[in-house]
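Trainee: Could you go through this model with me, one question at a time?
Mentor: Gladly, let's look at it together.

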Amino acid sequence: MQPKRVRSAEAFEKACRVIPGGVNSPARAFGGVGGKPIFIARGEGAHLHDLDGNTYLDYVGSWGPLILGHCHPRVVRAVEEALHQGASFGAPTERETHLAELILRAVPSIEMVRMVSSGTEASMSALRLARGFTGRDVIIKFAGCYHGHVDSLLVAAGSSATTLGVPNSPGVPEGTTKDTLLLRYNDANALEDAFKVHGGRIAGVILEPVVGNMGLVEPRRDFLDALRRLTQHHGSLLIYDEVITGFRLAYGGAQERYAQKPDLTVLGKVVGGGLPVGAYGGRADIMKKVMPAGPVFQAGTLSGNPLAMAAGIATPEELRDNPPYDRLERLGAMLAEGLRQAADAAGLSHQVARVGSMWTLFFNPDPVTDYDVAKRSDTQRFARFFWAMMDRGVYLPCSQFEAAFLSAAHTAEHVQETLAAAREALAQVG
Ligand SMILES: *Cc1c(COP(=O)(O)O)cnc(C)c1O
């Protein structure tokens with residue numbers, strides 16, 4: 001039953017000779033599940049086709065951006081049109097204003113926004129701005145939250161840093177993280193204590209309002225409320241990293257879904273529709289400190305790139321005109337319920353965590369509320385499950401610590417197919 005993966009294996013070997021680990025981002029290397037990655041030939045709607053001609057139902061969606069699925073006609077058309085007008089100018093274009101306006105209308109807490117080229121760049125810039133604006137140095141982050149490979153935030157970062165067991169990367173000087181306070185996610189008391197001791201030194205608190213990077217972890221309401229209350233009281237900025245959740249959990253992101261109002265928001269992934277876009281924005285008085293309006297330096301040769309803006313505009317416009325959110329909620333609920341039943345039937349202790357179109361099947365006896373609990377998951381069993389699903393044509397994130405994604409291209413039939421595969425897979429993983 002196992003599909004051939006010969007050409008992928010050859011391509012991987014060739015890549016390993018010229019690219020470290022054969023990949024340009026570690027999460028792609030299947031380190032968390034063992035074995036070799038498949039090489040992709042093309043994508044189409046909810047499906048991936050690999051070099052060996054196998055087809056997979058895709059729950060990775062390029063790790064989040066592809067909420068419309070692969071090759072959505074509106075996105076393809078927009079990028080094609082832009083390409084023929086010139087790939088890059090290093091001078092302003094109207095598309096940048098257009099996407100900025102779309103973002104402002106979608107996310108009311110964002111009054112001004114700056115485009116960059118990745119989520120990493122956006123969160124790095126938001127931190128610099130928070131420090132520049134407040135004149136303070138300390139940043140609070142939460143264990144298991146990932147904000148890109150920003151030096152000062154590579155402390156207990158989730159995502160591939162977790163899978164590879166590299167909580168602190170070599171090359172990050174101790175001095176760089178000395179102003180980073182690390183707290184437990186969902187722990188309002190610890191947050192309160194930290195503000196009691198360090199309040200006047202804290203520039204900002206950054207978090208994933210719904211975490212995707214330790215597997216899916218939902219925030220507690222009292223935790224979100226404490227974050228807003230304490231930052232406000234102490235003159236610190238509340239920074240929502242909505243790189244995954246923006247335009248995904250609602251058109252206005254997690255902050256719409258949970259009715260919260262951060263000072264700054266970091267965007268990426270969906271906002272670029274599959275092209276390299278990051279963005280950070282928020283209160284106008286803060287954003288006006290960014291150069292050239294203000295003194296906080298930040299720049300980028302390809303920032304606001306026309307092709308990236310075109311894909312970016314097409315994606316939120318399609319999400320605005322044909323909102324998939326109710327449907328994604330129903331599909332997500334169907335998938336989660338089916339997975340629960342399948343794992344129960346197989347007698348495996350598990351937690352199915354889901355918010356909207358984001359989900360994780362944890363092989364864990366306890367509800368996963370923070371990083372310590374997440375790390376107690378049975379990653380060996382996850383690896384067996386992952387490969388059993390691959391053998392049945394379902395492509396899941398290759399780590400227990402990454403959320404899976406539904407897209408608007410997924411259908412109820414796809415979900416039923418997935419559940420049929422999961423019933424078999426779970427029965428055999430032991
Ligand atoms: C992916 C991700 C980032 C980093 O974005 P890149 O585009 O990979 O640099 C930042 N924050 C969160 C929450 C992410 O999931």
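Trainee: In which sense do β3 and strand β13 pair?
Mentor: This is a predicted model, where local features need pLDDT of at least 70, side-chain atom pairs count only at pLDDT 80 or more, and totals for chains, interfaces and linings use all residues. Residues are numbered from 1 along each chain as its sequence is written, and side-chain values use heavy atoms, with hydrogens and water left out. Strands here are DSSP runs of E with at least two residues, and helices are runs of H or I with at least four, numbered from the N terminus; two strands pair if DSSP finds at least two bridges between them. β3 and β13 (residues 394–395) share two bridges, and their sense is parallel.

Trainee: Which residue in the turn of the β2 and β3 hairpin has a positive phi?
Mentor: Four residues lie between the two strands of this hairpin. The one with a positive phi, of about 85°, is G53.

Trainee: How many residues of β5 are buried?
Mentor: Buried means under 20% relative accessible area, with exposed over 50% and partly exposed in between (1.4 Å probe, protein chains only). V138, I140 and F142 point one way from β5, while I139 and K141 point the other way, and all are buried. For β5 (residues 138–142), that is five of five.

Trainee: Which residue in β6 is the bridge partner of K141?
Mentor: β5 pairs with β6 (residues 180–183) over four bridges in the parallel sense. It is also joined to β7 (residues 202–207) by three bridges, again parallel. In β6, the partner of K141 is L182.

Trainee: How far is a polar side-chain atom of D241 from a nitrogen atom of the ligand?
Mentor: A polar contact is a pair of N or O atoms within 3.5 Å; within protein, one must be able to donate a hydrogen and the other to accept it, and residues adjacent in sequence count only if both atoms are side-chain atoms. An oxygen atom of the ligand is 2.8 Å from a polar backbone atom of G119. For the D241 side chain and the ligand nitrogen, the distance is 2.6 Å.
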